[in-house]
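Biologist: Before we look at any feature, could you take me through this model slowly, giving the general idea each time and then the case at hand?

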Amino acid sequence: MPCPGAAPPGALALLALLAHLALPSQAAHRRPPAPAAAAAAPGRTLVLLDVGPRSPRRVTSERFLSLQIDPAVLHDGWLDFLSSRRLVTLARGLAPAFLRFAGKRTDFLQFQNVKNPAKSRGGPGPDYYLKNYEDDIIRSDIALDKQKGCKIAQHPDIMLELQREKAAQMHLVLLKEQFSNTYTNLTLTARSLDKLYNFADCSGLHLIFALNGLRRNPNNSWNSSNALSLLKYSASKKYNISWELGNEPNNYRALTGRAVNGTQLGKDYMQLKSLLQQIRIYSRASLYGPNIGRPRKNVVSLLDGFMKVAGSTVDAVTWQQWLNALGMLASQGIDVIMRHSFFDHGHSHLVDQDFNPLPDYWLSLLYKRLVGPRVLAVHVAGLQRKPRPGRVIRDKLRIYAHCTSHHNHSYVRGSITLYIINLHRSRKKIKLVGTLRDKLVHQYVLQPYGQEGLHSRSVQLNGQLLTMEDDGTLPNLKPRSLRPGRTLVIPPLTMSFYVVKNVNALACRYR
C-alpha cells in the first residue's frame with residue numbers, strides 16, 4: 001500500500017507508476033545462450049527477448065492493482081458524488097480490485113449512526129432549482145433512496161461547479177492540517193457509509209475499511225466502542241467488508257504525543273478480531289494490518305512486537321512505501337498494491353475533479369485488461385548495467401512478462417503479455433526469439449497527447465486519443481497488429497504492452 005508521493009498528473013507520473021509498480025523482471029534477466037555473443041557486438045542496439053513459458057515465477061492476487069480513497073472526501077464533500085455514473089463506470093473498469101478507505105484522517109474518524117438525515121430535514125419545494133447547495137445534496141439523496149440495487153445519480157453541472165468551489169476552499173484547510181500534522185475529527189454518518197459501500201459494490205470493488213485506532217482508554221488500550229457501533233450497523237446492512245485498524249500507528253506519538261508499541265498494537269488487533277467473531281456476518285471477515293510506515297529502524301521493532309502477539313490474527317501484513325521501492329518489494333512477494341488515490345485527495349490521482357480519467361487511469365485500465373496474475377521469467381540479451389555509447393541501459397528499459405489476463409476474451413489461454421517501459425530519450429528495438437519467435441503480436445503503445453508532452457493530462461493509444469464515449473461507456477482499446485517476426489520498436493519515454501498471441505505457454509493454459 002504505497003503512501004502518497006509527489007508526482008505530476010500527466011504521463012510523467014504514468015511512466016513512473018509501472019516503472020516501480022510492476023513486478024520486476026531484472027532478477028530474471030538472463031542471456032539466452034545462443035545469441036549472447038551476437039548481442040555483444042560493439043554499437044549494437046538490438047535487444048533479444050524470450051520468456052520462460054513452462055511455469056510461473058510466482059502468482060499475484062487477481063486484485064494486484066487496487067485502489068484507495070482518502071477519508072478527506074468527507075471533509076471536502078466529494079463523498080456525496082461517488083454515486084456519479086461516470087465515476088462508477090471508471091472504477092468498474094479496474095475491477096476486480098480492493099477499495100481501501102483509509103489515509104491520514106483514518107484515526108480521527110468518528111461513526112455516527114444517523115438514520116435518513118436527508119428525509120428528516122425535508123426536501124426542496126416545488127419551485128426549487130439549485131438555490132441551496134446542501135438542499136441539492138438532500139434532493140439527490142432522496143432520489144437515491146427510491147432506487148433499488150445500485151444507486152446511480154445524475155448531478156447537474158451547476159451542482160458540480162458548486163462542489164468544486166467548496167472543495168477548493170477546503171483544500172487549503174486540508175493542506176494546513178497536513179503540514180502542521182494536526183487533524184480535526186471527521187464524522188462518518190450511516191448515510192455516508194451507505195454511499196461509500198454503494199460505490200464499491202456497484203463498481204465491483206471489495207471494500208477495506210480502516211477503523212480509528214487512536215481512540216484510547218486511560219491505560220492506552222484501544223477503545224472499541226465507536227468501532228463496534230460501526231460494525232453493528234454494517235452487519236445490519238449485510239455489507240461485505242474487510243477491516244483494518246488505524247493508519248501508520250508508528251506515527252501516533254507525533255499526532256497525539258501518545259505512542260503505541262508493537263505488543264499493544266497486537267493486543268488491539270486481537271481485540272478487534274474478537275469483536276468480528278462476535279458478529280456472525282464478520283466472523284470470517286478478512287483482517288489486514290498493521291499498516292505501518294516503511295519497515296525500517298524503529299518501525300521494524302514495532303512490526304516484530306506486533307507479529308509476536310497478533311501475527312496469526314491478520315490475513316495479510318500491510319505497510320506503506322514509496323513508489324521507488326515497490327519494484328524491489330514486489331519481487332519479494334507483494335500480492336496487492338493500493339493506488340493512492342483513485343479520486344480527489346492524495347497524489348497521482350487516476351481521476352480528476354471533472355470526473356475525467358488521467359493518464360494513470362488509462363495505464364491502469366490497460367494493465368487490468370491485458371495482464372494476468374501469473375508472472376513469467378524474462379530472458380534478455382543486449383542490456384548493459386552501466387552506460388556505454390550506443391548500448392541499452394538495463395534500468396532505462398524495463399521488460400516484464402505475464403500470462404495474458406483470462407478475463408480478456410479476445411485472447412486464448414496460453415497467450416503472453418509483455419509490458420515494456422522505455423525511459424531512454426530514443427527509441428529501442430526488441431527482437432522476439434525462442435518461445436516468442438514468429439508469433440502474431442498485438443501492440444498497445446501509450447504516449448502523451450498534445451503539446452504539453454510528458455505533462456499532458458491526456459493520453460493516446462496507438463495514435464488515437466483516449467476518451468470516454470459517454471458517462472457509462474469506456475472506449476474500445478484497439479490494438480495494432482504486428483506481423484509475425486517483426487522487430488518491436490519501442491518509442492522513447494513510453495509505456496507499451498504487447499500481447500504475443502497463441503504461444504500456448506504451459507504456464508498460461510489454466511487458471
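Biologist: What is the strand order of the open sheet of four strands, and what kind of pairing does it have?

Modeller: A word on the source comes before that: this is a predicted model, in which local features need pLDDT of at least 70 and side-chain atom pairs count only at pLDDT 80 or more, while totals for chains, interfaces and linings use all residues. Residues are numbered from 1 along each chain as its sequence is written, and side-chain values use heavy atoms, with hydrogens and water left out. Strands here are DSSP runs of E with at least two residues, and helices are runs of H or I with at least four, both numbered from the N terminus; two strands pair if DSSP finds at least two bridges between them. In this structure the open sheet of four strands runs in the order β13-β1-β18-β23, and its pairing is mixed. Its edge strands, each pairing on one side only, are β13 (377-381) and β23 (488-490).

Biologist: In which sense do β18 and β23 pair, and over how many bridges?

Modeller: Strand β18, residues 428-432, pairs with β23 in the antiparallel sense over three bridges, and within β23 the residue opposite Lys428 is Ile490.

Biologist: How should I read burial along a strand, and how many residues of β7 are buried?

Modeller: In a regular strand the side chains alternate between the two faces of the sheet. Buried means under 20% relative accessible area, exposed means over 50%, and partly exposed lies in between, using a 1.4 Å probe and protein chains only. In β7, seven of the seven residues are buried, so this strand is largely enclosed by the rest of the structure. Leu205, Leu207, Phe209 and Leu211 cover one side, and His206, Ile208 and Ala210 the other.

Biologist: Which strands does β7 run parallel to?

Modeller: Five bridges join β7 to β4 (residues 97-101), in parallel, with Arg100 having Ile208 as its bridge partner. Five bridges also join β7 to β8 (residues 241-245), again in parallel, and there Phe209 stands opposite Trp243. The chain passes from β7 through α9 to β8 in a right-handed β-α-β crossover, right-handed being the case where, with the strands pointing away from the viewer, the path from the first strand over the helix to the second runs clockwise.

Biologist: Which residues have the most contacts inside the largest nonpolar core?

Modeller: A nonpolar core is a set of buried Ala, Val, Leu, Ile, Met, Phe, Trp, Tyr and Cys residues joined through side-chain atoms within 4.5 Å. The largest one here has 99 residues, and those with the most contacts inside it are Phe209, Trp243, Tyr282, Phe342 and Phe497. Apart from this core lies another, of 28 residues, including Ile430 and Leu488.

Biologist: Where is Asn220 found, and which backbone oxygen lies 3.0 Å from a polar atom of its side chain?

Modeller: Asn220 is found in the loop between β7 and α9 (225-236), and it counts as buried because its relative accessibility is 17%. A polar contact is a pair of N or O atoms within 3.5 Å; within protein, one must be able to donate a hydrogen and the other to accept it, and residues adjacent in sequence count only if both atoms are side-chain atoms. Here the backbone oxygen is that of Ala259.

Biologist: Which residue does a cis peptide bond join to Pro96?

Modeller: The residue is Ala95, and omega of the bond is about 0 degrees; Pro96 itself lies in the loop between α4 (85-92) and β4.
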